[in-house]
Amino acid sequence: MKAVIEKRKDIVFYIKFFPIKKETQEQIKSIACSKSLTMLDDAYAKKDIAVLDCAKNISIEKMTELAKSLGIRAVPTLIMSDGRIHSGYVQSEQLIEIIDGRR
Amino acid sequence: MINIRMLFFAAMFFVLSINLSVQAKTNGIEGCGAKDCKECHKINRQDVEDIFKKLNAKHIRILDIRMSPVKGLWEVSMEDKGQRGVIYIDFSKNYAVTGSIISVQTGLNVTQKKAEELEKDRRVDVSKIPLNDALIMGNPKASKKVVMFTDPG
């Protein structure tokens with residue numbers, strides 16, 4: 001995703017969570033309430049994440065409910081502004097093609 | 001003499017061919033799968049809605065009803081809580097079938113392919129996704145907004 005926004009200044013990602021794994025729930029809460037991309041990077045890198053106070057305001061159930069109501073079954077899932085859906089990891093070049101609707 | 005014999009054979013051939021064509025016609029009427037199934041079997045949206053109701057699944061949205069690749073089964077495309085899939089209903093409308101149809105010739109899972117196509121056609125109502133709580137990567141004023149659902153770690 002970083003490669004995508006470096007190449008394309010007209011693309012922005014809004015990152016939301018679909019908590020699938022039990023182990024990451026606490027991490028997700030802290031990342032979500034801080035909205036910190038650094039913490040998100042750390043989580044991907046399997047580094048320890050600080051448990052923040054604001055985490056208590058975040059509801060895992062609500063996150064799960066939203067994702068399910070949209071018919072999302074897997075992560076990562078991308079939703080383009082026209083409503084198109086893509087699930088699964090792809091290379092940045094492919095990702096750009098998907099976002100542009102060329103794929 | 002030769003002419004008469006030829007005539008005789010020609011007449012025999014004629015009778016034989018009439019006979020064969022009559023037989024073929026009879027076979028067509030009585031035989032299986034010789035005609036388009038839709039000439040004898042019908043199903044409509046209401047039928048499927050009734051079936052779903054009986055199965056306590058009336059919340060399921062019917063997207064399309066057509067003949068399945070298996071003669072004897074209708075293919076119903078449906079959506080349930082945003083998830084799309086296929087269910088089959090037999091011509092008698094007494095049985096619903098869930099599961100995969102696999103082409104013996106190609107080995108292709110026809111049901112899975114259909115479900116993937118349905119998913120590809122699906123569109124999410126983006127206005128239903130609150131973005132005020134999302135992490136933002138990139139320029140928030142960028143024209144192409146992409147929402148990503150993830151679970152790190």
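Of the 153 residues in chain B, 14% are buried, where buried is defined as having 20 or more other C-beta atoms within 10 Å of the residue's own C-beta, placed from the backbone. The model is predicted: local features need pLDDT of at least 70, side-chain atom pairs count only at pLDDT 80 or more, and totals for chains, interfaces and linings use all residues. Residues are numbered from 1 along each chain as its sequence is written, while chains are lettered from A and ligands numbered from 1 in the order in which they are written.

Chain B has three helices and six strands, these being DSSP runs numbered from the N terminus (helices: H or I, at least four residues; strands: E, at least two). Along the sequence their pattern is α-α-β-β-β-β-α-β-β.

Four strands of chain B form an open antiparallel sheet in the order 1-2-3-4; strands count as paired if DSSP finds at least two bridges between them. Strand 1 (61-67) and strand 4 (96-97) of chain B are the edges, each pairing on one side only. Strand 1 runs antiparallel to strand 2 (residues 73-80) of chain B, and six bridges join the two. Within strand 2 of chain B, B:M78 is the residue opposite B:I62.

Two helices pack on this sheet. Helix 2 (residues 45-54) of chain B touches strand 1, strand 2, strand 3 (83-90) and strand 4, and its direction makes about 120 degrees with that of strand 1. Helix 3 (residues 110-121) of chain B touches strand 1, strand 2 and strand 3, at about 135 degrees to the direction of strand 3. Contact requires C-beta atoms, placed from the backbone, within 7 Å; angles run from 0 to 180 degrees between N-to-C directions of lines fitted to C-alpha atoms, for helices over the stretch in contact.

Terms used. A residue is buried if 20 or more other C-beta atoms lie within 10 Å of its own, exposed if 12 or fewer, and partly exposed in between; C-beta atoms are placed from the backbone.
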